[in-house]
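Student: I would like to learn how to read contacts and pockets in a model. Where do we start?

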Amino acid sequence: MCVCQCVALAGFAQGVEFRDISFAGALKAAKAENKTVFMDCYTSWCGPCKMMTNDIFPQEKVGKYMNENFVCVKYDMEKGEGVELKKRYEVSAYPTFLVIDADGTMVHRFVGYRTANDLLSELDYDPSSAWGAIQTRYDSGERDKEFLLQYLNLLMGASDKRAGKVAGELFAALDDDEKVSEKYAFLFQNLSLNTVGSDIYAYFLANRPRYEKAMGEKTVYNLLVRCNTEYLRWSSFEKQDLTPGERATIQKNLDAAGMTELYPFWNVVQACRAGDFNRLIKACRQNFPKMDRHLAFSYCSMFLANMRKDGAPAQQKACDKILEELKNRPIE
């Protein structure tokens, strides 16, 4: 009798029961049990995904709530059925958590590590303000400012790539006073929205005196430095060399913002895109001493792996020496 009771208690104290079934099977089970599907979209290399698996999902209170209300499944987005599910539900960050109706319609989503309480709070959502309902309103053409702000917050919280487009729509709906108001300051402070070349950035730069008056000259200048630094980082990622037109555009943008302090970084970026390790090493030696130590260090780390993989022994040694000099460089 005692043994049976212990076994029963152990079973009751379990965490989330993730079912080893196909997605079609999950939808079928949800329909039969009058539940929705909870899908954990993860990858094998994702640290926060592992934390959720090891620390949060095994908790009794989490398991009790989720097992009662959802058909819970999890799929690696880089393997098997997960590859197609990633495309179908536009998963681009990990972990992503989806709540899906039995007909396959996504009704809610959120991204990133959650504590047990935060996870349960996220799942106890108001259907009228959940992702699916908001998406339906947007697709139906609703575009008032408060609604766009609500939708944009959802997109940013889910690291959704559509956030930039919606931010542009929200910005276009604002009057001049609202564009410099504290309520919408996040549009400029968020570097995924205020990107060089966007309408938001163009307005910010064209109306720089107004923002300096509202935010302070130093704050505005530092924000422009951050925007353009990020802009140069992304300009480094393509493997082919910059075209003359691309090079001219980047130079024009740096000049327009008065970003002379980023010219050394720009020199290194051009060398990186040229794909010539010897030129890159020379550019680093010449320009790293003029660059912020943290920026130089993080940028060096970007191409260090490629240098060690494809560079000649002498080039690898030169790169290691540059990295060692950076480590020993006094912190400004």
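Tutor: With one residue and its neighbours. This is a predicted model. Leaving aside residues up to four places away in sequence, R233 touches F265, L295, S298 and M302.

Student: Which helix holds R233?

Tutor: R233 sits in helix α14, which covers residues 217-235.

Student: With which side chain does the side chain of R233 make a polar contact?

Tutor: A contact list counts heavy atoms within 4.5 Å, so a polar contact has to be looked up separately. Here the side chain of R233 pairs with the side chain of S298 at 3.4 Å.

Student: Now the pockets. How much space lies in the largest pocket?

Tutor: About 400 Å³. Its lining has 17 residues, and K239, C272, F277, F303 and N306 are those nearest the centre of the pocket.

Student: Which helix gives the most to that lining?

Tutor: Helix α18 does, with 6 residues. At least two lining residues come from each of α16 (263-274), α17 (277-287) and α18 (293-310).

Student: What is the lining of the largest pocket like by class?

Tutor: Read the class counts next to the residue names. The largest pocket is lined by 8 nonpolar, 3 polar and 6 charged residues.

Student: And the second largest pocket: how much space lies there, and which residues line it?

Tutor: The second largest pocket holds about 240 Å³. Its lining consists of L191, S192, N194, T195, V196, C227, E230, Y231 and W234. By class, that lining has 5 nonpolar, 3 polar and 1 charged residues.

Technical notes. Residues are numbered from 1 along each chain as its sequence is written. This is a predicted model: local features need pLDDT of at least 70, side-chain atom pairs count only at pLDDT 80 or more; totals for chains, interfaces and linings use all residues. Side-chain values use heavy atoms; hydrogens and water are left out. Helices (H or I, at least four residues) and strands (E, at least two) are DSSP runs, numbered from the N terminus. A polar contact is a pair of N or O atoms within 3.5 Å; within protein, one must be able to donate a hydrogen and the other to accept it, and residues adjacent in sequence count only if both atoms are side-chain atoms. On a 1 Å grid over the protein atoms alone, a cavity is a set of points where a 1.4 Å probe fits but cannot get out, and a pocket is an open set with protein on both sides within 12 Å along at least five of seven lines; lining residues have an atom within 4 Å of a point. Grid points are joined across faces, edges and corners, and a volume is the space filled by probe spheres set on the points. Ala, Val, Leu, Ile, Met, Phe, Trp, Tyr, Cys and Pro count as nonpolar, Asp, Glu, Lys and Arg as charged, and the others, Gly among them, as polar.
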